[in-house]
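I keep these notebook entries as a record of what I looked up. Each entry takes up one topic.

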Number of protein chains: 2
Amino acid sequence: MEKVLIYDTTLRDGTQGEGISLSVEDKLKIALRLDQFGVHYIEGGWPGSNPKDMEFFQKVKELPLKTAKITAFGSTRRQGISADQDENLQKLLESGVSVVAIFGKTWDFQVTHALNSTLEENLSMIYDSVKFLKSHGLEVIFDAEHFFDGYKANSTYALETLKKAEEGGADWIVLCDTNGGTLPHEIGEIVAVVKQKLTTPIGVHCHNDSECAVANSIAAVREGARQVQGTMNGYGERCGNANLISIIPNLQLKLGYSCVREEQISLLTSLSRYVHEIANVAPPNNQPFTGMSAFAHKGGMHVSAILKSPETYEHMAPERVGNQRRVLVSELSGQSNLLYKAQELNMDLDKSNPVNKRILQKLKKMEHEGYQYEGAEASFELLVREELGEVKEFFTLESFKILVETEDSAVNTMAIVKLRVFDEVVHAAAEGNGPVNAFDNALRKALESFYPEIREMHLSDYKVRVLDEGGATAAKVRVLVESSNGKEQWNTVGVSTNIIEASWQSLFDSIRYFLLMKNELKVNAR
Amino acid sequence: MEKVLIYDTTLRDGTQGEGISLSVEDKLKIALRLDQFGVHYIEGGWPGSNPKDMEFFQKVKELPLKTAKITAFGSTRRQGISADQDENLQKLLESGVSVVAIFGKTWDFQVTHALNSTLEENLSMIYDSVKFLKSHGLEVIFDAEHFFDGYKANSTYALETLKKAEEGGADWIVLCDTNGGTLPHEIGEIVAVVKQKLTTPIGVHCHNDSECAVANSIAAVREGARQVQGTMNGYGERCGNANLISIIPNLQLKLGYSCVREEQISLLTSLSRYVHEIANVAPPNNQPFTGMSAFAHKGGMHVSAILKSPETYEHMAPERVGNQRRVLVSELSGQSNLLYKAQELNMDLDKSNPVNKRILQKLKKMEHEGYQYEGAEASFELLVREELGEVKEFFTLESFKILVETEDSAVNTMAIVKLRVFDEVVHAAAEGNGPVNAFDNALRKALESFYPEIREMHLSDYKVRVLDEGGATAAKVRVLVESSNGKEQWNTVGVSTNIIEASWQSLFDSIRYFLLMKNELKVNAR
């Protein structure tokens with residue numbers, strides 16, 4: 001099996017997408033998951049253009065990465081100066097990575113019109129910059145910006161720029177369809193030509209403006225490209241970058257190339273949804289391979305055929321990419337999913353236990369109401385263990401009151417809770433930065449004397465999503481809370497038309513899960 | 001220019017998509033727009049499987065269609081009966097259309113496993129059904145279901161099924177990638193073979209399970225297919241059908257085929273958004289060609305290049321498909337972004353006006369605090385107009401109080417606001433489904449007697465994002481509010497550690513923007 005290396009630029013080019021913005025913490029989380037999935041390169045940012053990115057390059061060194069090489073992005077040197085005077089190239093060195101990707105112009109029109117430079121100077125800029133970075137012992141990837149448009153405009157010059165990168169010692173030459181306007185047959189033809197002219201390994205970097213980025217990337221690989229650049233879920237400027245989530249299974253499961261290890265590809269669905277969750281993007285149901293509807297069958301005729309042989313209406317088995325078949329009109333979906341999931345969480349569910357049916361019904365009811373357990377596995381585990389009678393009542397909420405009010409120009413928030421713990425009634429009041437923070441503070445205050453270990457845990461993330469848009473502030477919201485005790489993290493969910501009620505549910509689950517974990521059962525945090 | 005006929009099946013296959021459901025009225029509205037756009041065939045439904053569809057076929061006769069032929073969908077006859085005994089074929093005749101599309105099996109495995117029939121009988125079913133419909137004077141399109149999978153499994157048999165349709169007199173033979181698993185190079189190769197075997201015109205019908213449906217349709221056309229079946233915005237079962245909204249501009253503007261008239265293609269964006277609206281689907285910003293972000297530029301370097309020559313970072317002029325260029329205002333923006341943006345919003349900003357510097361500083365300060373204007377252009381416009389002294393004080397908030405508390409097992413929410421309007425002090429109180437909803441209700445109540453037009457506007461979407469994660473519920477949140485008056489939409493933003501305060505800011509901007517729009521200035525909603 002021929003190897004194709006996967007170069008992920010979610011953390012850099014992906015964040016150019018409208019509405020996508022990732023904190024340094026977000027980026028680190030995603031990097032960890034990308035590495036677990038088996039991606040070969042993770043482009044972390046552009047240290048020369050964005051000071052925030054430097055922080056990522058510092059912190060990422062502490063992550064225990066297994067496969068992925070962290071890459072920093074930059075450009076060829078500015079015109080009229082030498083490479084070692086160029087601040088942007090210096091910043092690449094300072095970032096401390098072992099791999100850098102620099103882009104340079106290959107389209108004559110861009111050189112003269114966007115860069116206001118000469119064709120000759122541009123060639124030197126490419127050569128000098130690659131050579132400079134190579135002389136510092138780095139692996140250098142040359143991103144040939146606008147290469148396909150450049151080739152169509154002036155193939156001689158476009159090829160010359162690649163030659164300069166090769167002469168400079170580039171380890172990879174990556175052909176970019178920067179504007180996303182090229183079609184697959186053109187990509188194929190042009191890559192085939194380039195393949196004959198270069199000895200350096202070739203990669204490809206596509207954008208989705210023609211809705212062909214996946215096909216374009218595949219066309220390039222079929223003509224010899226051995227590195228594919230893209231992003232998770234196709235995030236990126238305008239219409240997005242090539243979607244690695246679709247490219248990888250196409251290459252590996254359909255065309256027999258090797259991208260990640262066999263067992264890693266079944267992480268595809270959870271990876272895709274995890275990144276959506278971190279980026280706070282609602283996962284499109286119809287996303288190929290990993291969407292909720294990707295293997296969902298609606299029509300009666302299709303369903304009955306599927307039940308006989310899934311391959312009648314499925315292009316591949318959903319399990320291969322970690323997704324699930326769903327039969328939308330039938331109650332048949334579930335038991336096997338449930339058993340599969342329980343096993344994953346180290347819970348012993350007997351196949352013939354009648355409780356399974358009750359759990360399934362509960363699950364369906366909750367999902368119908370808008371709960372989603374994909375990103376809230378602690379809540380899922382609580383649901384299952386509750387039905388199994390394994391969750392004791394640590395405390396109950398008798399009532400609460402939250403008051404947000406202005407005082408002079410400040411906004412004050414106060415929460416009062418009344419809990420019942422071991423037959424004792426406890427009151428506590430606390431202030432906070434907002435209603436949920438105040439609520440959380442009051443809960444902890446009330447519980448601390450009974451469960452001092454609660455001091456070990458804290459909320460580490462809080463996300464809100466409106467479920468039925470159009471209803472606006474009267475709509476249902478889903479709150480996802482992530483908690484941590486410094487070592488482990490777990491996620492919980494709440495749903496309500498009232499954001500405070502939804503927050504309470506997820507706070508309640510978070511605390512219960514932690515106490516269960518501490519006191520009762522050896523369970524894995526999730 | 002070679003003609004490629006467009007066959008739209010939004011009204012039939014599109015409605016198989018999860019969450020897509022269209023009333024008869026919806027279908028009629030969409031049919032009218034499809035005809036205006038220049039589509040050649042509109043598949044209205046499956047009269048034999050869905051009695052509701054019959055109503056559409058009755059009513060559509062009254063529409064003044066210019067180009068499009070209305071098509072009814074069905075299947076080949078059932079096994080063991082003659083064509084004229086088949087109820088489903090009878091229903092096709094009863095629907096009163098002049099064009100029918102019937103699908104038949106071409107994959108041997110499907111015939112024996114899904115249909116439980118024999119290969120021989122299936123050939124007769126195809127031949128008989130086509131011949132029967134032709135004998136009634138109809139134009140007959142044969143949809144060769146699973147053709148590409150069938151061809152890969154047993155090419156001889158698959159081709160034989162097509163031959164039977166041809167012998168029966170089919171006007172078109174449409175090769176279907178029903179499961180959506182085929183890749184472009186396979187489509188191209190197989191269509192080329194079929195083209196040599198048949199004299200009947202060929203069409204193609206793709207699904208997007210491999211994220212290649214657009215590329216697959218193009219590959220088929222390049223090998224001789226002259227009809228493309230697909231749906232608006234790619235709606236359809238699982239991952240959807242081939243997206244005609246992307247296929248048409250690719251074929252017509254990039255490859256020189258003729259699909260619709262030159263002036264019609266500039267209706268593409270409004271058509272795409274209209275169908276999203278009727279189907280009640282939130283238009284994906286990153287949708288190729290027609291999305292809000294399809295021609296949006298974020299990076300400062302890209303922006304300055306775009307200002308010199310748009311083709312530097314655009315694969316085509318947005319106006320050709322009826323879309324617009326947008327420059328996103330973000331951290332990276334400089335004076336050029338600001339001027340461009342202001343111009344876009346019909347604001348007169350003089351390049352040399354010293355106020356620009358102040359606006360930019362304010363913008364940077366706000367963005368540093370977490371405001372983001374790329375999804376909140378109304379707030380951006382207010383910021384600029386405020387600096388220009390163009391925003392009058394419609395009202396001010398003196399104070400508010402929000403109370404969320406449990407009563408029995410319910411959660412009650414109440415908001416009290418004190419506003420100053422025209423030197424009058426107004427109090428109002430209102431309940432709501434949550435604190436923000438209650439706040440919004442109270443604000444409206446207080447303002448209604450001063451600004452009765454406020455009844456025209458409503459909140460249409462509400463989004464919350466935690467900015468600095470790790471701080472969790474004490475972290476800063478950004479609230480984005482989308483408002484609408486039924487015709488126009490505008491977006492506003494608020495940032496605070498307190499979600500109530502952030503919500504207030506975006507509500508405040510939303511109301512101010514609306515009042516400004518109504519009372520003061522001719523501004524475009526955004």
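This is a predicted model: local features need pLDDT of at least 70, side-chain atom pairs count only at pLDDT 80 or more; totals for chains, interfaces and linings use all residues.

**Entry 1: strands of chain A.** I looked up strand β12 (residues 410–421) of chain A and found 8 bridges joining it to strand β13 (residues 424–431) of chain A, the two running antiparallel. I note that strands count as paired if DSSP finds at least two bridges between them. Helices (H or I, at least four residues) and strands (E, at least two) are DSSP runs, numbered from the N terminus. In this pairing K418(A) stands opposite H427(A) of β13(A). The hairpin of β12(A) and β13(A) has 2 residues between the strands, and F422(A) in the turn has a positive phi of about 45°.

Residues are numbered from 1 along each chain as its sequence is written, and chains are lettered from A and ligands numbered from 1 in the order in which they are written.

On its other pairing, β12(A) is joined to β11(A) in the antiparallel sense over 11 bridges. E407(A) has A410(A) in β12(A) as its bridge partner. In the hairpin of β11(A) and β12(A), with 2 residues between the strands, D408(A) takes a positive phi near 50°.

**Entry 2: between the chains.** Which strand of chain B pairs with β11 (residues 396–407) of chain A? I found that strand β11 (residues 396–407) of chain B does so, antiparallel, over 5 bridges. There I402(A) stands opposite V404(B). Counting contacts (C-beta atoms, placed from the backbone, within 7 Å), I noted 88 residues of chain A against 91 residues of chain B.

**Entry 3: domains.** Chain A is divided into domain 1 (5–260) and domain 2 (396–519); the bounds come from an automatic or database domain assignment. I read 44 Å between the C-alpha centres of these two domains of chain A.

**Entry 4: helix α5(A).** The expected span of a helix is 1.5 Å times one less than its number of residues. For the 17 residues of α5(A) this gives 24 Å, and the end C-alpha atoms are 24 Å apart, which agrees. I then listed buried residues (20 or more other C-beta atoms within 10 Å of their own; exposed means 12 or fewer, partly exposed in between; C-beta atoms are placed from the backbone). Among those of α5(A) are L123(A), I126(A), Y127(A), V130(A) and L133(A). Their cover includes α3 (87–94), β4 (99–105) and α7 (155–168) of chain A. Just after α5(A), G137(A) takes a positive phi of about 80°.

**Entry 5: two loop residues.** N116(A) lies in the loop between α4 (108–113) and α5 (119–135) of chain A, and its phi is near 55°, positive although the residue is not glycine. Is N116(A) buried or exposed? I counted N116(A) as exposed, because it has 9 C-beta neighbours inside 10 Å. E211(A), in the loop between β7 (202–206) and α9 (213–222) of chain A, has a positive phi near 60°. E211(A) is buried, because 28 other C-beta atoms lie within 10 Å.

Conventions:
Two residues are in contact if their C-beta atoms, placed from the backbone, lie within 7 Å.
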